[in-house]
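Work through these exercises with the model open beside you. Take each solution one step at a time.

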Amino acid sequence: MDALVRKMAPQLATAPVDLALLLPGGRRLGPAQAQVNLRFSGWPGVAALAAGRVGQVAEDIVEGRTELQGSMRAVMAAAAHLLPGSPVHAGPGAGVWARLRSWLGHTRARDARQIRFHYDVGDEFYALWLDPRRVYSCAYFEHPDMGLAQAQEAKLDLICRKLMLRPGERFLDIGAGWGGLLLWAAEHYGVQAHGITLSRQQFAHVSRLIAARGLQGRVRIELRDYRDLDVAQGFDRIASVGMFEHVGRAHLPGYFARIRGLLRPGGLVLNHGITAGGLDNAELGSGIGAFIDRYIFPGGELVHGSRV
């Protein structure tokens, strides 16, 4: 164990924030008044930290094997310092096994479970930190003095303008979330709006909003997989915002083919999502990807922009 202590000492000394470790047995490394404190119940957690496996350290914190104290900003600075290198390029490669896992990991039933794991955790939770419309993607701060609610409305309007929405057009929102874009497009641009989601709580929330605003004849929300949409319906405009991260790299060709089949001649599509920084890795390295898959976004897969 002395070897681990010797390895950690220079890392603590050069950390951008004051970092202290309380080791099994009570020994303390680092300042008494540290910005970030980690209390370990066992040596495997210390070994994970010394090796830069921050994903494993995060799992230990979630499971109660390690205690964490400190602001999230300070914690993130400490974690970045302890990484052995950029996790963007250090993850496992997207080889045959990764492609097979991607293909098998995105059945209709499994995708529904994975979506509900992330989103169906209570509307109250998301209401704590999202804007009033619960737009669950990046905001557009058109002006620096904007608040979050204004910036999210600016983002919704920017999407509608990019799609050049016109009254009476059929508009599809794939992965409609809590209905922010769906309702904005109907109320501000006069479209016939149709949204789909796999989240039961989102479906119930949007259904309530449609009824409360008297939009039953202009807005529809369905609990439906994108693969089950009838291509005969046809849409003039289609948006997918923050959804294609859930599709899986092996299913992206089918996803875009379905969108193409749903689009009427002369129509427009806006696909907005998160892409990966690494060209070929299947997930982030240092255990971060595995942690995200287990505790945050099961089934989430990011691909480099050149692969889209």
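A residue counts as buried when its relative accessible area is under 20%. Keep in mind that this is a predicted model.

**Exercise 1.** Find what share of the residues is buried.

*Solution.* Start with the chain: the protein has 308 residues. Apply the cut-off of under 20% relative accessible area. Buried residues then make up 45%. Now turn to the outside. The protein exposes about 15,500 Å². Carbon and sulfur atoms supply 57% of that area.

**Exercise 2.** Describe the overall build of the protein.

*Solution.* Begin with the elements: there are twelve helices and nine strands. Next, take the extent. The C-alpha trace spans about 70 × 45 × 30 Å along its principal axes. Last, look at contacts with a separation of 6 or more: 67% of them join residues 24 or more positions apart.

**Exercise 3.** Work out which elements build the largest nonpolar core.

*Solution.* The core holds 25 residues. Leu165, Phe171, Leu181 and Val219 touch the most other members. Helices H8, H9 and H10 each supply at least two residues, and so do strands E7 and E8. H9 gives the largest share, seven residues. Zoom in on Val219. Beyond its neighbours within four places in sequence, Val219 contacts Leu182, Leu183, Ala186, Ala193 and Ile210.

**Exercise 4.** Count the charged side chains and locate the centres of the two sets relative to each other.

Definitions and conventions:
Residues are numbered from 1 along each chain as its sequence is written. This is a predicted model: local features need pLDDT of at least 70, side-chain atom pairs count only at pLDDT 80 or more; totals for chains, interfaces and linings use all residues. Side-chain values use heavy atoms; hydrogens and water are left out. Helices (H or I, at least four residues) and strands (E, at least two) are DSSP runs, numbered from the N terminus. Buried means under 20% relative accessible area, exposed over 50%, partly exposed in between (1.4 Å probe, protein chains only). Contact means heavy atoms within 4.5 Å. Accessible areas come from the Shrake-Rupley method with a 1.4 Å probe; for residues, only the protein chains shown count as cover. Lys and Arg count as positive and Asp and Glu as negative; His and the chain ends are not counted. The place of a charge is taken as NZ of Lys, CZ of Arg, CG of Asp or CD of Glu. A nonpolar core is a set of buried Ala, Val, Leu, Ile, Met, Phe, Trp, Tyr and Cys residues joined through side-chain atoms within 4.5 Å.
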